[in-house]
Structures are given as C-alpha cells and as structure tokens.
Amino acid sequence: VQAVVMEMRAEGLPVHADNPLRSSTGVTLLNLMRTVIEGPGDRFFSACVNIGTRRVRKSVFRNLAPGEAIAAEDVERLLRDWVEGSDESTPSIEAMKVFFQAIDTAREDVRTDPPRHVLDHLVSDLALPRRATGHPREDELHGAIALGMEVARRLGDEVTGVDAWRNVITELEELRQGNDSVSDAVSAITVHRSKGLEFDHV
C-alpha cells in the first residue's frame, strides 16, 4: 500500500491512505532515526523506551540522578554508565545493551552506507516488525518502517552519508504532515481493510 501511495503522490494524484507516520509509533520511528544523527537529547527517551517491544522501566530514569533534574544531553551518557557499571542482567539492562549496540552501529554506517541499508540493519538489530502481525501498535510501526524503506529505496543506493539520511527523515516528516483531505482522492487500502465498505469504482 505504501509503495502505491508513494507512486501516486509522485504522479501528483490525490490519494487517501492510512498514514502510519501520524501514529505514536510512527513518530517514535522518526525520533529513532533522528537519534542516529543528532545524538542524545529529549528524543532519546522516546526512541529507547518505546520502540518495538522493548520496555525500560520508568524507575530506571528516575534513579539515574536521584533528586536532580537531568539535562537532555546527559541522558545517553548516564544510561551508558548505568548499563556498563551494572553486574545485573535484568530485562531493562539487556534491552539497553541491544539498543546502544544498534545505535552505535547505525551511527557508524550512516557515514558511508545508503540510507536503505542503514534502516534495514537498524530494523534487524532492534528486531522490529517486518510484516503485519495483527497487533495494532506493531502494525503501525511496520507501516511506518515500510514507508521509510520505500522513501530510502527511491533515493537510491548511490546516495550515501549523513545528508542522505537527513533527506529521508525530511521526506518522511513531509509525508507525516501531508494533507490527505482532498474530496475526490483515491483510497489506497488493502482488501482486508475494505471489508464492509462500498465504492463506486474499484
């Protein structure tokens, strides 16, 4: 569906479609992609805690610097110190280890590899959904990933570097904010999602 939507938009045709980038999981994917090139900050919380099935307990963040307000730029450093200094093997620590390894790899790869390869490796490293599962949040994330992969694919494998990655993020942000409210737009939906609906033309 996302490939059809992209093709129609490229031709200047108005199209209605579910926009997974407008969901909370879609926004989280964009934040994760920004984290690769922008480093630590407020977005780090969202990317690290909410992406996929990973869950780091809120108490972890509260205990990073008890009684103190944590500056956004210090969050990543404090989390890394906590993970590296811990002898425990809790789900939160293991989740953070996987996350840091994936982000570190992406930060290296984004300098030389095409965005499609970087995103593909990031999705694999974080075990994010590559197909619909029937779970709404996972399917929203899968849709956002599919849209990201389609934008990156259209950019081509000969375009590499941080600027290319930033271009993908910019295009996805434009798609997220796009206006689909044209009254005579074509509806792009799967057969499953169209159950019970009626159209004059299909």
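Which residues are buried in H8? In this predicted model, the buried residues of H8 are Leu141, Gly143, Ala144, Ile145, Leu147, Gly148, Glu150, Val151 and Ala152. In soluble globular proteins, nonpolar side chains tend to be buried together.

**The largest nonpolar core**

- The largest nonpolar core has 38 residues, and those that touch the most other members are Leu32, Met33, Leu126, Trp165 and Leu172.
- Two or more residues of this core come from each of helix H2 (24–38), helix H5 (75–85), helix H6 (91–109), helix H7 (115–125), helix H8 (136–155) and helix H9 (162–177).
- Among these elements, H6 contributes the most, with 7 residues.
- Leaving aside residues up to four places away in sequence, Met33 is in contact with Leu119, Trp165, Val168, Ile169 and Leu172.

**Helices H8 and H9**

- H8 has 20 residues, which at 1.5 Å a residue should span 28 Å; the C-alpha atoms at its ends are 29 Å apart, in agreement with that expectation.
- The buried residues of H9 are Ala164, Trp165, Val168, Ile169, Leu172, Glu173 and Leu175.

**The aromatic pair**

- A search of the whole structure gives 1 aromatic pair.
- The pair is formed by Phe99 and Phe100, whose ring centres are 6.1 Å apart; their planes meet at 65°, so the arrangement is edge-to-face.
- An angle over 60 degrees is what places a pair in the edge-to-face class.
- Phe99 has a relative accessible area of 0% and is therefore buried.
- Phe100 is also buried, because its relative accessibility is 6%, and buried means under 20%.

**Backbone positions with positive phi**

- Most residues other than glycine have a negative phi.
- Ala127 is not a glycine, yet its phi is positive, at about 55°.
- Ala127 is located in the loop that lies between H7 and H8.
- With a relative accessibility of 64%, Ala127 counts as exposed, since the cut-off for exposed is over 50%.
- Gly156, which follows H8, also has a positive phi, near 95°.

Technical notes. Residues numbered from 1 in each chain as written. Predicted model: local features only at pLDDT ≥ 70, side-chain atom pairs only at ≥ 80, totals over all residues. Heavy atoms only, no water. Core = buried A, V, L, I, M, F, W, Y, C linked by side-chain atoms within 4.5 Å. Buried < 20%, exposed > 50% of the residue type's maximum accessible area, 1.4 Å probe, protein only. Helix = DSSP H or I, 4+ residues; strand = E, 2+ residues; numbered from the N terminus. Contact = heavy atoms within 4.5 Å. Phe/Tyr/Trp six-rings, centres within 6.5 Å; stacked < 30°, edge-to-face > 60°. Expected span 1.5 Å × (residues − 1).
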